[in-house]
Amino acid sequence: MMQIYRPLNQIGFVYREIRQGLADIEAMFILLDQNPEIEDKPDANQLEISGPVLSFEDVYFHYDPDRPILKGVSFEVPAGKTIAVVGPSGAGKSTISRLIYRFYDVISGRVAIDGQDVRDVTQASLRAAIGMVPQDTVLFNDTIAYNIRYGRPDATDEEVREAARMAQIGDFIDSLPNGYETQVGERGLKLSGGEKQRVAIARTILKAPPILILDEATSALDTHTEREIQSALDTVARGRTTLVIAHRLSTVVDADEIIVLRDGVIAERGRHNELLASNGLYAQMWNRQREAAEASERLRAAQEDP
Ligand code: ATP
């Protein structure tokens, strides 16, 4: 009986935690993706950030010892710059964001922020410093205003509106009969993937973290939505130390450095034009995506104007 009771009790606990509302969306994300093996050291310090440099130093990582995922990955995101990670599906791109957020610990090497190993600081201070716009945003069953204000619970109505406007979702919210008081989520208005992502961006704009991780949605978006989201992401990334886990190469053209991950190592790195000129994996991926985008645009045009 106890064997059944314990997991049920745990589910009840997790459910209650979610219902009670957590400090922010990342907390929800943590709860769903929780790894109980990750604990603060007894002497863990608060993360202190003066120049938010993010670094991966010879990082090795696997989920399963038989399948290495990262094999000696080193790179740095200088303060205020944007670095993009690209690579084939399954290359380990999202794993990089999970290691920064400390959902998992590295096997060897280290991940550091402003020179402090993420394993030496409290998880609360680490997560307070990082804003994450995940691939799939989970919204709370509450109003749009509540969902945005999660980024900073003491934000004024005006600040919530300003964040929504900067995230390119303000006009959409104003067009709803109940505006910011519209209920969203399972029992309310269903938002599209792109709309939900813009709500997450608005929330992150309010939180104003020194470090940003943008994990792009893999799902295809239409060109118009993609442009709107891109513009919202550019706004939130401006002046922040930003790592973009990119699935659509159109979003990385302006990155300060692009890292191409393949088979657990950095296969190529450089700016967009340099990588195109070197005609390697990045150039192949770029050409393939451009052809696919052109083909889908032609198809769309033919459907609209038969
Ligand atoms: P995509 O572009 O498809 O999102 P990605 O490059 O972001 O892929 P990751 O999500 O980092 O890839 O995953 C890298 C590899 O690790 C994949 O082969 C995946 O199956 C595996 N993997 C991811 N999460 C886990 C996990 N929790 N346990 C075991 N293996 C995992």
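**Ligand shell.** I looked up what sits around the ligand: 13 residues surround it, the closest being Y63, S89, K93, S94 and T95. I counted a residue as near when its C-beta atom, placed from the backbone, lies within 6 Å. This is a predicted model, where local features need pLDDT of at least 70 and side-chain atom pairs pLDDT 80 or more, while totals for chains, interfaces and linings use all residues. Numbering runs from 1 along each chain as its sequence is written.

β1 (54-64) and α3 (93-100) are the elements giving two or more residues to the shell, and α3 has the largest share with three residues. I took elements as DSSP runs numbered from the N terminus (helices H or I, at least four residues; strands E, at least two).

By class I get three nonpolar, eight polar and two charged residues in the shell. Nonpolar means Ala, Val, Leu, Ile, Met, Phe, Trp, Tyr, Cys and Pro; charged means Asp, Glu, Lys and Arg; the others, Gly among them, are polar.

**Sheet.** Next I traced an open, mixed sheet of six strands, ordered β6-β7-β8-β3-β9-β10; pairing needs at least two DSSP bridges. β6 (130-133) and β10 (265-270) are the edges, each with a single partner strand, so one side of each has no neighbour in the sheet. Neighbouring strands are turned by 20° on average, direction ignored.

I then checked β3 (82-86) against β9 (257-262): they pair parallel over four bridges, with V86 opposite V260.

**Packing helix.** α11 (281-304) packs on the sheet, touching β3, β9 and β10, at about 95° to β9 in direction. Contact means C-beta atoms, placed from the backbone, within 7 Å; axes are lines fitted to C-alpha atoms, for helices over the stretch in contact, with angles from 0 to 180 degrees between N-to-C directions.

Methods
Contact = placed C-beta atoms within 7 Å.
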